[in-house]
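I opened the notebook today to record what I looked up, one entry at a time.

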Amino acid sequence: MRIPDHLEGDAGGKVALLDLTYAELEDLALSLGQPRYRAAQIAAWVYKHLASDFKEMHNLPLALRERLAEVSEIGRLTPLEEITSQDGLTRKVLFSLPDGHTIESVLLHYKRRHTICLSTQVGCSIGCPFCATGQAGFERDLSPGEIVEQVLYFARELQGTGQRLTNLVFMGMGEPFLNWEATWKAVQAFTDPRRFGLGARHITISTAGFVPGIEALAREESQLGLAISLHAANDELRERLVPLNRRYPLEVLMEACRDYVKRTGRRVTFEYALIEGLNDSPSHAQELAGLLSGLLCHVNLIPLNPIADCAWRGSPKDAVLAFQRELRKEGVPVTVRMDRGLDIQAGCGQLRSRRGTCQAK
Ligand code: SAH
Ligand code: SF4
């Protein structure tokens, strides 16, 4: 029986099982002369029992297991390096992809949560000058399976310790909305009860402000969490920090956020990295409060993490607390987030695939 063209991998290679939608998994089962329900069995093995080899799938006939191994593969990422922070709470893995590129993903342990920070692209084309991923430039988009596999990898690791993954954040390398088709397909795999089965509310998409993406989420009335990397409340400063602001200035971005809240009833999280002497004064806080006024939202403040070759520094603690007080005074819900895993370069914006240079002056 022939594998349908639309399922076949690159250059006629093996089918990448993790790239497939559920319907495509059914197509694969049918094309192998199997009943449709085999898709449910394979999905359960891959996404629930976290099998990494067809040999483990013992309720499938042996001949089918062998045929599946011939025509398809479950995973394509190879862990090259794993490193755990000194406090043992953050773990970063460097994966190599079949074409030799590398990506990083992070597992964060909290008291009751276990969160994975996922990458969606090799590098990033937006080029925020304070971000190690942006410094390195853009190489390519990840496939849906390459996104999904980061989660399966850590889920397997957690399974061994009796812990369960609770949250996913698209806050690793890349801009999820610029690789939306693959990201959305991965999200479907995570939320589909027949596959990974995680509630959409436990998944957060972070964006530098790609408005068509925010609009698409709003249209779907999706329950995914939305985080906007804001970092400045006026266009002049934001253009320096997040170059995408030239295409989608604050007025347009805020309108999309208001519409998202209206349609989904969910609050928007705004990430604000405090940079010493640049965006961290009490008047910047007032400007931010003005911009967010009347919007259902929450602000996460985080002192900028150090990255190589970047002149900017995180704000000192006093300035961070003063900024928070100012926002509170104006009635804006705000938390200060002390970033994690800095000793292993696993903090926000520290992930990278290769070295680059910062343009901050
Ligand atoms: N491209 C998306 C998803 C990546 S999330 C986005 O930008 O939202 C990475 C988060 O870390 C973003 O909020 C980003 O602005 C922030 N970040 C990048 N570099 C940082 C740094 N050096 N210190 C603190 N936060 C940083
Ligand atoms: Fe890209 Fe986000 Fe880094 Fe900016 S902060 S360069 S958008 S990954």
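Before the first entry I wrote down what a cavity is: on a 1 Å grid over the protein atoms alone, a cavity is a set of points where a 1.4 Å probe fits but cannot get out. I also noted that the model is predicted.

**Entry on ligand 2.** With that definition in hand, I looked up where ligand 2 sits, and the space it takes is the largest cavity. I then listed the residues around ligand 2, which are C124, I126, G127, C128, C131, G134, G174 and A208. Sorting this shell by class, I found five nonpolar and three polar residues, and no charged ones.

**Entry on ligand 1.** Around ligand 1 I counted 19 residues, and the closest of them are F130, S206, S229, H231 and N305. The shell of ligand 1 divides into nine nonpolar, eight polar and two charged residues.

**Entry on polar contacts.** Next I looked for backbone atoms that face ligand 1. I found a backbone N or O atom of N305 at 2.8 Å from a nitrogen atom of ligand 1, and a polar backbone atom of G174 at 2.9 Å from a nitrogen atom of that ligand. For T207, a backbone N or O atom lies 3.4 Å from an oxygen atom of ligand 1. I then noted that ligand 1, taken alone, exposes 530 Å², and that the protein buries 94% of that.

**Entry on the cysteines.** Are C124 and C128 buried or exposed? I wrote that C124 counts as buried because its relative accessible area is 11%, which is under the 20% cut-off. C128 also counts as buried, because its relative accessibility is 13%.

**Entry on disulfides.** I reminded myself that a disulfide is a covalent bond between the sulfur atoms of two cysteines. When I looked up the count for this model, it came to zero disulfides.

Notes
Residues numbered from 1 in each chain as written. Chains lettered and ligands numbered in written order. Predicted model: local features only at pLDDT ≥ 70, side-chain atom pairs only at ≥ 80, totals over all residues. Heavy atoms only, no water. Near = heavy atom within 4 Å. Polar contact = N/O pair within 3.5 Å; in protein donor to acceptor, adjacent residues only side chain to side chain. Areas by Shrake-Rupley, 256 points an atom, 1.4 Å probe, with all protein chains shown as cover. Nonpolar A, V, L, I, M, F, W, Y, C, P; charged D, E, K, R; others polar. Disulfide = S-S within 2.5 Å. Buried < 20%, exposed > 50% of the residue type's maximum accessible area, 1.4 Å probe, protein only. 1 Å grid on protein atoms, 1.4 Å probe; cavity = no way out; pocket = protein on both sides within 12 Å on 5 of 7 lines; lining within 4 Å. Sits in = over half its atoms within 2 Å of the grid points.
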